[in-house]
Amino acid sequence: MVALEALPDASARRRFAALQERLLPLFERQFSDRNAPRTVVVLPSLTLDEDTLSKIHGVPHYEERMLCMLLLLRLPRTRVVYLSSLPISESIVDYYLHLLPGIPSVHAKRRLTLISCHDASHHPLAGKLLERPRLLDRVRSAIGDPSKCHMSCFTVTDLERRLALELQVPIYGCDPDLSDWGSKSGSRKLFREAGLDLPAGSEDLRDEQDVVSALVELARERPDLRKAVVKHNDGFSGAGNALFTFPKERSGAAIGEALRTSLRYDDPDERHDTYFAKFEEMQGIVEEFVAGSGKESPSAQMRIDPSGHVEVVSTHDQVLGGPNGQEFSGCTFPAAPDYRLEIQEQGRRVGEALAAKGVIGRFAVDFLSIPESDGWRHVAIEVNLRKGGTTHPFLVLQFLTDGHYDDETGLFLTPSGEPRYYYASDNVRSDGLQGLTPLDLIDVAVERDLLFHGSRQTGLFLHLIGAASEFGKLGMVCIAESAEKAAATYQRSLDSLAGPVD
């Protein structure tokens, strides 16, 4: 195995900056021309905290979420090189290629290269590739001319940067040197800069004593506050969040004791010592628990292109679960009509602040929205400088219908001007799914007339298909003409697939 020794910081940064300069001419030459020759390397590497990833049910198959990028093969001169830790089942690939509008699957297959590490460990895919020089040679061969190629990543860290330098392919994503703006602490600073409302609290906390001090200060500023949230800087999907209830006595000693004995973690197996060991590693924040009757959790998805232009991509209402109600389990598109344009505008302001710092690529801004007598109060919670759980459902809708997002209404419109909505989840779990191979699952969905119909532009799109047999887990995007019909399609699909299968 090749040791993953770090590149000298200055050298890596200079070389990566020079490589990234190729993105703008690529963008100007290729992205508006469907017939432009291009190669897209898809790297669905989950380069996130490995301890947290290991606790996610079915995580070995989460790289499949970016298989929606295979739908780029609807562009007739586009080649896709899809990298993965484990081989992707041929039946799953055939399912995706069958959905390509106007492109025979045999034509698409000629332009698709699948390369797998055959490694199921929780180590990031980018690191696995860097450990395999012969496999990297195969990737280079599949890319061909690197001047016509860019890489699309789930997230961009130093590992992805090093892989880009090895392949000499730029990344359409955030430079790792700017990634702190996507941490919990960086998000709070960014929201202040953009003039957004944010929870009372403190950032850049280093350890448990800092957390105690921040809670004491929060109690002093807000004597009526009952609860606060402690968060790891780089936690995701609610992991790393813990709920704190203030004791009656609000001295430092009393708050410190309550922190040791009654902090409520999203992970039921978490312990005080391991939580704060991870806190010292990641650092983090303390902020008020935002309460309110009728509270919603919308998000705005944005994209900054290589020219620095900020584009609204979508808005969603998040479906949250877990013991503290902070664990992402799904989403509905678009966000509620009462506030989606307000969320969109606040997301744009964050995007403009990020663009001024040199950030490019997709990102999301999460909010808590509380109804008040004169409208909605939107409290900005965090920025995710990566693709996330709301990215692939929207890409699926866009690729399947060839429609567009209308930022004047916040709706998605098909080419004929009809709106489309969806209900999506990465977390459909049922014992009834276990034992179903990808082909079995597709057969059942076909027999029960669930799958997306190109003529109607409605129906069920399946993903995380490979997780069903072993983990009893599945992802679904249910597309319909209204929010109510999307929810009904989701429930019907859930009942049909998660129930008894003959």
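Which residues have the most contacts inside the largest nonpolar core? They are V350, L462 and L497, and this core has 100 residues. The model is predicted.

**Cores**

V350 touches a set of residues from other parts of the sequence. Leaving aside neighbours within four places, its contacts are L190, F191, A194, L196, F363, V365 and V383. A second core is separate and has 29 residues. Among its members are L130, M151, L159 and L165.

**S187**

S187 sits in helix α9, which spans residues 184-194. Is S187 buried or exposed? It is buried, because its relative accessible area is 0%, and buried means under 20%. A polar atom of the S187 side chain lies 2.8 Å from the backbone oxygen of S183. Beyond its neighbours within four places in sequence, S187 is in contact with W181, G182, E382 and V383. V383 is also on the contact list of V350.

**Helices α7 and α8**

How do these two helices meet? Their axes come within 10 Å and cross at roughly 65°. The crossing is right-handed. The table lists the residues that make the contact.

| Helix | Span | Contact residues |
|---|---|---|
| α7 | residues 133-143 | L136, V139, R140, I143 |
| α8 | residues 158-167 | L163, E166, L167 |

By class, this contact has 5 nonpolar residues, 2 charged residues and no polar ones. R140 of α7 and E166 of α8 are the charged residues. L159 and L165, named above in the second core, lie within the span of α8, residues 158-167.

Terms used. Residues numbered from 1 in each chain as written. Predicted model: local features only at pLDDT ≥ 70, side-chain atom pairs only at ≥ 80, totals over all residues. Heavy atoms only, no water. Axes fitted to C-alpha atoms, helices over the stretch in contact; angles between N-to-C directions. Helix = DSSP H or I, 4+ residues; strand = E, 2+ residues; numbered from the N terminus. Left-handed = near helix turned anticlockwise from the far one by under 90°. Contact = heavy atoms within 4.5 Å. Buried < 20%, exposed > 50% of the residue type's maximum accessible area, 1.4 Å probe, protein only. Polar contact = N/O pair within 3.5 Å; in protein donor to acceptor, adjacent residues only side chain to side chain. Core = buried A, V, L, I, M, F, W, Y, C linked by side-chain atoms within 4.5 Å.
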